[in-house]
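Then we'll walk through a few parts of it together.

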Amino acid sequence: MSEITLAGLEKRYGDELAVEDVSVTIDDGELLCLLGPSGSGKSTTLRMLAGLETPTDGEIRIDDEDVTDRPAYERTTATVFQDWALFPHKTVLENVAFGLKMQGVEKAERREQARTMLERVRMEEYADDDPMNLSGGQKQRVALARALAVNPDVLLLDEPLSNLDKRLSEDMQIELREIHADLEETFVHVTHDQDEAFTLADRIGIMADGKLVQVGEPNEVYQNPKNRFIEGFLGDTNFVEGTVERTTADSVRVDTELGREVVIPTTNGGADALAEGDSVVLSLRPEALSIESAADADGEAATQAVRADGSTTNFVVGTVENVLYRGSTVRYSVDVEGTSVFAERTVSDSGEFEAGDEIGISWDGADVLAFRDDGSRVDL
Ligand code: ADP
């Protein structure tokens, strides 16, 4: 059992606050991904967990034991680094056995355990090779086997896949998930790659400017982002500026730069949270937008009342600016009253529009998220 608690964790480098007031409990056996842009404090947080950096403030508990001041070698954690950090003058097997040697495990026993670990990562046939002759993906497997060989309670992974090409990284993500499911150990995995975090994580902790801004299951943070930064960071979206025109008992009407008001149904008192004249930024995810030929669209009829099921249809007309094929989807960039809006379709049902075509874009107001000027989300 290894539950980790970070409480008010802080790290200062001179005047710079690299990590600020990070508090979270990571459950026993959980795979938590720390996700955020470069410089947001992910690595520093992980290195404090590993005992490689000393916090300036706050506390780290593993299994209810305060380990804040304990050095790395006295912790039950093992770390896999981005650059693999393999020893060049040792064979693959010696690399994997190294931690066991440090623990005083006798030679035959540690070679046996190291072999078992190499089998787990499908590298047993390279046991006697020089690790420097291996490919990036193979080095990463050896680094993983070396970390797992000491049987840690907590495995810490610091951008371990970011030196691999996309395809290899995706394969390794699936393998890591399987190894995690197999071992039932607690994993903390640092990445700046949203797709990687969504594939791997039980929960994602989003970091920005040294702070842990939201922790939740992948679909929860994607569908229910706490602020505008998270909404923009987790996927492509259209941010549209507007001003609240009117609030009613069951809707908010926003005058937008799309030249038409957007009607958003409210269920959580959103109408009370906003007042006429408030400026807001709306997020329209491309996958929530439907497009059709403007000639087919009945735009006028499609506006405006909130239906019994809580949906509204919003509708604008625009001109296709360009068409971008992205593998299984096609992305249309559409000029709407001077604002570019992009919408996506799967390849199978697209192909009918080209640059210059006039098209209608419609969406359900219930899919729209709204943010205040300070970036905070409006609970609609
Ligand atoms: P991330 O892992 O999210 O890219 P880091 O934790 O590496 O972010 O860095 C967070 C901030 O702390 C950055 O601004 C970085 O420049 C700073 N930082 C990290 N390590 C050091 C260090 N050893 N000395 C000074 N500043 C550092």
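Which residue in β19 does Ile291 stand opposite? Ile291 faces Ile361 there. Before we go on, keep in mind that this is a predicted model.

## A sheet of five strands

Let's zoom out from that pair of isoleucines. The strands β15 and β19, the latter made of residues 358-364, run antiparallel to each other and are joined over 4 bridges. They belong to an open sheet of 5 strands, and if you walk across the sheet you meet them in the order β15-β19-β16-β17-β18, with antiparallel pairing.

What sits at the two edges? There you'll find β15 (290-293) and β18 (339-346), and each of these edge strands pairs on one side only. The sheet is twisted too: from one strand to the next, the twist averages 45°.

## Around the ligand

Now head over to the ligand. The residues around the ligand are Tyr13, Glu16 and Ala18, then Pro37, Ser38, Gly39, Ser40, Gly41, Lys42, Ser43 and Thr44.

For Ser43, a backbone N or O atom lies 2.8 Å from an oxygen atom of the ligand. How much of the ligand does the protein cover? On its own, the ligand has 560 Å² of accessible area, and the protein covers 61% of that.

Which elements give two or more residues to this shell? They are β2 (16-26) and α1 (42-50). The largest share comes from α1, with 3 residues.

## A histidine in a loop

One more stop: His192. You can find His192 in the loop between β8 (186-191) and α6 (194-200).

His192 and Thr319 are 127 residues apart in sequence, and in space their C-alpha atoms are 35 Å apart.

Notes:
Residues are numbered from 1 along each chain as its sequence is written. This is a predicted model: local features need pLDDT of at least 70, side-chain atom pairs count only at pLDDT 80 or more; totals for chains, interfaces and linings use all residues. Side-chain values use heavy atoms; hydrogens and water are left out. A residue is near a molecule or strand if one of its heavy atoms lies within 4 Å of it. A polar contact is a pair of N or O atoms within 3.5 Å; within protein, one must be able to donate a hydrogen and the other to accept it, and residues adjacent in sequence count only if both atoms are side-chain atoms. Accessible areas come from the Shrake-Rupley method with a 1.4 Å probe; for residues, only the protein chains shown count as cover. Two strands pair if DSSP finds at least two bridges between them. Axes are lines fitted to C-alpha atoms, for helices over the stretch in contact, and angles run from 0 to 180 degrees between N-to-C directions.
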